[in-house]
Amino acid sequence: ERLARYRYAKVFMFSANRIGDRSDGADFELRGVFGEELSHITYQEAVKHKMVVPMEVRWYNCSMPNNPCEGSKDSTARKRNGIWRNKVRNKLIASVVNEFKDDDQVLIVVDTVEHAMHLKKHLPHFTLCYGKTLEMKERKRYEKTGCIGPDEPFMDFARRMRIKRKFERGTLKKVIATGVWNRGVDFRNLAVLVRADGKDSRIADTQIPGRVARTRLDDAPKTGIVIDFVDVFDDNLAERSARRRRGYARHQWRQLLMRQVDGKSTVCRVLIAGGDVSAATKTKQKKLF
C-alpha cells in the first residue's frame, strides 16, 4: 500500500526467490507494484558471472534409538523435543562445527532463543545473537540448566549491532543466531553456515543459505559450505529434511552425504554433483534420502 503511492516512479524489484515461492500466494501484490517478471537467471549462471560463489551442502544423518517426538501433542512440542532440546542432535551439530578451524567464520542458524541456548551449552565459545529480550526469570532458568553462565551479557539493540558489525568485519568468527540474521545482512567472508533450524520453505531454503553465497571482500576463491541434517528419527522431520534437499536441488547446488568416523567427517556419497541438471531433476523424484 505504501509503495503504491509512488505513482510516477520507475520501480524495480530484485529477489533471490522466484515468483510462486511464497506459500501464502501473496506474489500478486508484488506484481501489482512492480509488474510482471522481466528477467531471471539461474544460480549456476550467476556463479559463472561471479555474482555468487559455488555452493556445497553437507548432510549428516541424525539417528537415535528412540524418537523424542513420540507423543508430542502439537507442532511446537514436536520441534521442542525433536530439535530445540534434542541433546543427541545438538551434540552432533557441535561435533561437526568443532571440526572447522578457529579462523573459519561459522554461523549457526536456529529458529528460537530456546534452541540457541541449548546449543550454547555444547558450544560455549560461540557468541549468541537474538532479538528477544529475556525476562530475568527466563534467564535464570537457562543459567540453572547450564546453558549460559551468570556472566553472559544481556542482549539489547546496541549489543546486537556490535555483534553484527564485528561479524561483518570478520573479527568475530563463531555465532549462533536466530532469524534476526536470516535477511538484511552481508557477511562476505562467511565460510560455513549451519542450518540447525530444521525448517522447510522455498523462501527459507534460498534466503538462509544465501548468507554464505556472497563473494569474498578480497575476491579470493570460495565455496559456500552449508551444513544440514537428515532427521531420520522422526518421519515428519525427515520429510522436512527431504524438502530442504529438493529446495537446494532447484539451484543445482552440490550435495554430499557425510559420515563422522572418530570425530572426523568423510564423504559417504555424492547426492548431487553441482550444476548437473539431470541429477537435480532425478532428486525431485526421491522422497527421502
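**A first walk through the model**

Me: At the start of α4, which backbone nitrogen does a side-chain oxygen of N86 reach to?
Reply: At that end of α4, the side-chain oxygen of N86 comes to within 3.2 Å of the backbone nitrogen of V88. Helices here are DSSP runs of H or I with at least four residues, strands are runs of E with at least two, and both are numbered from the N terminus.

Me: Before I go on, what kind of model is this?
Reply: This is a predicted model, in which local features need pLDDT of at least 70 and side-chain atom pairs count only at pLDDT 80 or more, while totals for chains, interfaces and linings use all residues. Residues are numbered from 1 along each chain as its sequence is written, and side-chain values use heavy atoms, with hydrogens and water left out.

Me: What is the mean pLDDT of the chain?
Reply: The mean is 90, and 95% of the residues reach 70 or more, where pLDDT is the predictor's confidence in each residue on a scale from 0 to 100.

Me: And where does pLDDT stay under 50?
Reply: That happens over residues 276–289, for which the model has 28 contacts beyond four places in sequence; a contact means heavy atoms within 4.5 Å.

Me: Back to the helix, then: which residues of α4 are buried?
Reply: In α4, which covers residues 87–97, the buried ones are R89, N90, L92, I93, A94, V96 and V97 (buried is under 20% relative accessible area, exposed is over 50%, and partly exposed is in between, with a 1.4 Å probe and protein chains only).

Me: How do α4 and α5 cross?
Reply: The axes of α4 and of α5, which is residues 113–122, come within 9 Å and cross at roughly 60°; axes are lines fitted to C-alpha atoms, for helices over the stretch in contact, and angles run from 0 to 180 degrees between N-to-C directions. The two helices are therefore oblique to each other, because angles under 35 degrees count as roughly parallel, over 145 as roughly antiparallel, 65 to 115 as roughly perpendicular, and the rest as oblique.

Me: Which residues meet there?
Reply: From α4, K87, R89, N90, K91, I93 and A94 meet H115, H118, L119 and H122 of α5.

Me: New topic: is K50 buried or exposed?
Reply: K50 is exposed, at a relative accessible area of 70%, and it sits in the loop between α2 (43–48) and β1 (55–62). K50 has a positive phi of about 60°, although it is not a glycine.

Me: What about the phi of D219?
Reply: D219 has a positive phi too, of about 65°, and is not a glycine. The loop that holds D219 runs between α8 (202–207) and β6 (224–231), and D219 counts as exposed at 66% relative accessibility.

Me: And which residues is P150 in contact with, leaving aside neighbours within four places in sequence?
Reply: Those are R139 and E143. P150 and R139 are 11 residues apart in sequence, with their C-alpha atoms 9.0 Å apart.

Me: Last one: where does G131 lie?
Reply: G131 is in the loop between β3 (127–129) and α6 (136–144), and is partly exposed at 35% relative accessible area. Beyond its neighbours within four places in sequence, G131 is in contact with R160, T178 and V180.

Key:
A polar contact is a pair of N or O atoms within 3.5 Å; within protein, one must be able to donate a hydrogen and the other to accept it, and residues adjacent in sequence count only if both atoms are side-chain atoms.
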